[in-house]
Amino acid sequence: MQRFTRKQVLAGAAAGAVGAAGIYELVDRLASSPPARPEVTVAMPEQHLLDGVRVVTSNDVEVLVPPLHHQVITARVTADRAALADAQQELTNTLAAIDADYVPSPAGLGVTVAWGLPYFRRLVPDAMRRYLPYDRRADRPVIFDAHRFPSDPTNTRLESNDVAILLRSDTHAHIDDAAKRLQDTKLFEVTSIRRGFAGGGFDGGQSLPKRLAVDAGVPGSELIPDTSELFLGFTSTQRAGMGPGKIANFETLGYVDFRGSDYFRNGTHMHLSHIQEDLESWYLNFDFDERVTTAFRPNLEVPQNTQTVAQGPKDVSTVVDVRRDYRSSQRIGHSASIQTTSRLQHAVVAADGTVYPKGAAIPVRADFNTLDNPFSFSVIADETSETPAAGVHFIVFNPTGDDFRRNRNAMDGVLPGGTIPFPPRDRNQGFNSVLQTTHRQNFLVPPRRNRSFPLANV
Amino acid sequence: MKAVLAVLAAACSCGLVASGCAEGAKKAEAAPAKQSNLVCSNHTAWQRLADRIKAPVYCPGWLPDPLIGAIGNRWNNINSVSADRSYLESFVWQETGGGAAGGELHVNLRGYPGRTKIPTCRTGGAESIDVPCFADPHGTVSERGITATMYTVNQDADEWHLLLLWRRNGNLYTLSEHVAPPLTYNHVVRYLHQELRSLILVRPTSET
C-alpha cells in the first residue's frame, strides 16, 4: 500500500498548531527558570568557548548543560574596503558594550562572530593570502568552501555568507537585546536568522524540545521522551563526548601552521549546517534498540528508555570495532563511526602543557534543535515557512575544516583506511535515513581580540 | 500481502468514494460518534471467521466514519486467515491529493489463536532480519474490561500504526490504526480508545 509521506500533508497535522514564529514567542513562557549556573567573571581569549557551563550527572554520566536558547544571524557586510577600518571600530565597540552587560556564559550571553570565505576574499584578499592559517595534515588552508557529503541530497545549499554570529543564553531576552544592537549598527545586511533551543529537562521537567515540538504539532513529537535534551531522544552533550578545554583551537593539536603570525591563535574553525529531522519515522519505525544501534553502535545494550549513554574513552569505537560490528550486523552507528576520526588516537601534550589523553573528543559541538523550516528569516523566499519543522542547526568547532570533513565523512562510512559502502541515506548507516541536510557553510572563528572584521587592521 | 493492499487501496481512492473527496475528508476529521448500543455489522461474517479459526474474534462496533467494520464491505481491503489460524481484518479509506484534500484511515484487527507471545516479522530488503512484529511499549489502555498495551513501532500491515495488544484465554489480539493525515498521533490515540471500547466479542458457534 502506498503510504503518504509525512511531509506531504501537514495541513491536518498542523491545524491548530502555532506557526514557527509564534512558537518562539512561547519559549520564555514555557521555559522554566534558567538553571543555576556557576559564577563566571573572565572572558576567555577564545570566542567559541563558554565558561560557567554547569555539569550534571545523568545515568551516572557527566553531562554539560547547554544554554537553553540559541540564535544564529548570518549576514553580508555592508562596508566596502575603504570603510572597513571604521566598521571594525564600530563593531569592536558594540561587542565590547554587549560584553560589559552580559558575562560570557549561559547565564549571561555567549557571542561568537565567525567569518566566511566570501568576506575574506572580497574585503581582505591580500591579508587573507598572508595570514590564513594552513592545515599541515590536509595541505590546504584551515577553511575552504563547504561541499556536499555522500549522504547529502543533491539540492543541499552551499552558502556564501560573509559572517555568522552565534548568540547563546539561558535567557532569551539577552539574545534579543544583542541581536538588536548588532543589527542597529547597520554594519550588516542580514541574510538569515536561525533560532532554536536545547535541554531544559535535566532537572526533571519537560525539556524545551519536547514542549515546543508538541506545541507546534510536529508529527512524531508526542513520542519524544519528556526530558530529552534533543528531539531524537538521546543526550548529546556528555562531557566525555565534547572536546575539552582548548582542544579545538587552531594551535592545540599541532595541525595548523600559523605562517609566522599569532593573529589567529586561540581561533578555530566552525561548520554551520541545517538538518531536517523526520521524527515520525524515527519514533514509529525504529524501536528503542534500533534507535540505540543507530545513534551509537550495533550490539550496544542499554536499559530501555535510557537517554544518556556513556561516551567516555573506554566506550570509543575504533575502525576495527566499526568494521567488526558492520560484518556482524551490516550496520554502523552514528557515534561509533564518527569516533574513528573525532577522538585522539594517542595522548597529546599541547604547547601550553595541557595533556589531552588518548580517546579525548576533539570537536566542540554547539548544535541545537529548531522548528525553523529551515530558517526563521531569510532573504531567499523559499527559506522560510509558517509550518514548523523539526530540525537541528548543527554547529561544530574543529581545529580545521579538514578535521570536520574527516568526521562528517566517517558518519557516511568513509573511514580511515577504506569506505564501508552504503546507498545514500541508507537505514543501516547511522542517522542518515531520518536526516536531510538543507544548508552548509564553513567559517573561521578568530580569537576574541580579532573578532571584529579580522585582518582589516593588518 | 502488500500487493493486495495496493490493489484494494486503489479501489478506495477518491474517484470511487461515494461521499466525495471533500465530504470524506470532513467526515474523517469528525469526532467519534457517541457510543450507544453496540452493533456488529455483518455479524454473520464475523461469526464465520470465529468458527473458521475456532477461537473468539473481536468485531468493531465503531470505526471512524466512513469506515464500517463489516467483513466484505467496500472498506474491508484484507480479510485473511493464515495457516496457523491467525487472522487479519483490515479496513481502509484513502483519498489522494495534497493538503487537507488527501488522507487515509486504516484500522487493522488481528487475532492469534493459541499463542500469547508477540510474533516475529521480517524487516524485508536485502539485509532482512527478524524483529518483533510489535515493539516499543508505551503504557496501557483500559476500556470495557480490556487492558491493552500500546506499541508504537510495528511491522508489515501495522507499520506506521499505533497498536493495542492484549491477551485473552491464551489468545493474542491486536487493534491498530495508521498515524497519517488527517489524523495526528493524538487523534489516533483517541480513536483507539473509542474502537477498543466498541469491540464486541464473537465466540465460535462451538463455544456458545
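Guide: Gladly! This is a predicted model, and we can start with A:Arg157, which forms a salt bridge with A:Asp382.

Visitor: What makes A:Arg157 and A:Asp382 a salt bridge?

Guide: Their closest N and O atoms are 2.5 Å apart. The cut-off is 4 Å between a side-chain nitrogen of Lys or Arg and a carboxyl oxygen of Asp or Glu, so the pair qualifies. A:Arg157 lies in strand β7 of chain A, while A:Asp382 sits in the loop between β16 (377–378) and β17 (391–398), so the bridge ties together parts 225 residues apart in sequence.

Visitor: Why is A:Arg157 called partly exposed?

Guide: Its relative accessible area is 32%. Buried needs under 20% and exposed needs over 50%, so a value in between is partly exposed. A:Asp382, with 49%, is partly exposed too.

Visitor: How do you know that A:Asp162 is buried?

Guide: Its relative accessible area is 2%, and the limit is under 20%, so A:Asp162 counts as buried. The side chain of A:Asp162 meets that of A:Arg122 in a salt bridge, at 2.8 Å from N to O. A:Arg122 has 28% relative accessibility, so it is partly exposed.

Visitor: What makes A:Asp152 and A:Arg440 a salt bridge?

Guide: The N to O distance between their side chains is 2.7 Å, and the cut-off is 4 Å, so they meet the criterion. A:Asp152 is in the loop between β6 (140–141) and β7 of chain A and A:Arg440 in strand β20 (residues 435–445), 288 residues apart. Both A:Asp152 and A:Arg440 are buried. Through shared partners, salt bridges join A:Asp152, A:Arg408, A:Asp412 and A:Arg440 into one network. Over all chains, the search finds 30 salt bridges.

Visitor: Turning to chain B, why are β2 and β7 said to stand at the edges of the sheet?

Guide: The open sheet has seven strands, in the order β2-β3-β4-β10-β9-β8-β7, with antiparallel pairing. β2 (76–81) and β7 (134–143) each have a single partner strand, so one side of each is left without a neighbour in the sheet.

Visitor: How do you know that β8 and β9 of chain B pair?

Guide: Pairing requires at least two bridges, and β8 (residues 146–154) and β9 (residues 161–168) share three, so they pass, in the antiparallel sense. B:Thr149 stands opposite B:Leu165 in β9.

Key. Residues are numbered from 1 along each chain as its sequence is written. Chains are lettered from A and ligands numbered from 1 in the order in which they are written. This is a predicted model: local features need pLDDT of at least 70, side-chain atom pairs count only at pLDDT 80 or more; totals for chains, interfaces and linings use all residues. Side-chain values use heavy atoms; hydrogens and water are left out. Helices (H or I, at least four residues) and strands (E, at least two) are DSSP runs, numbered from the N terminus. Buried means under 20% relative accessible area, exposed over 50%, partly exposed in between (1.4 Å probe, protein chains only).
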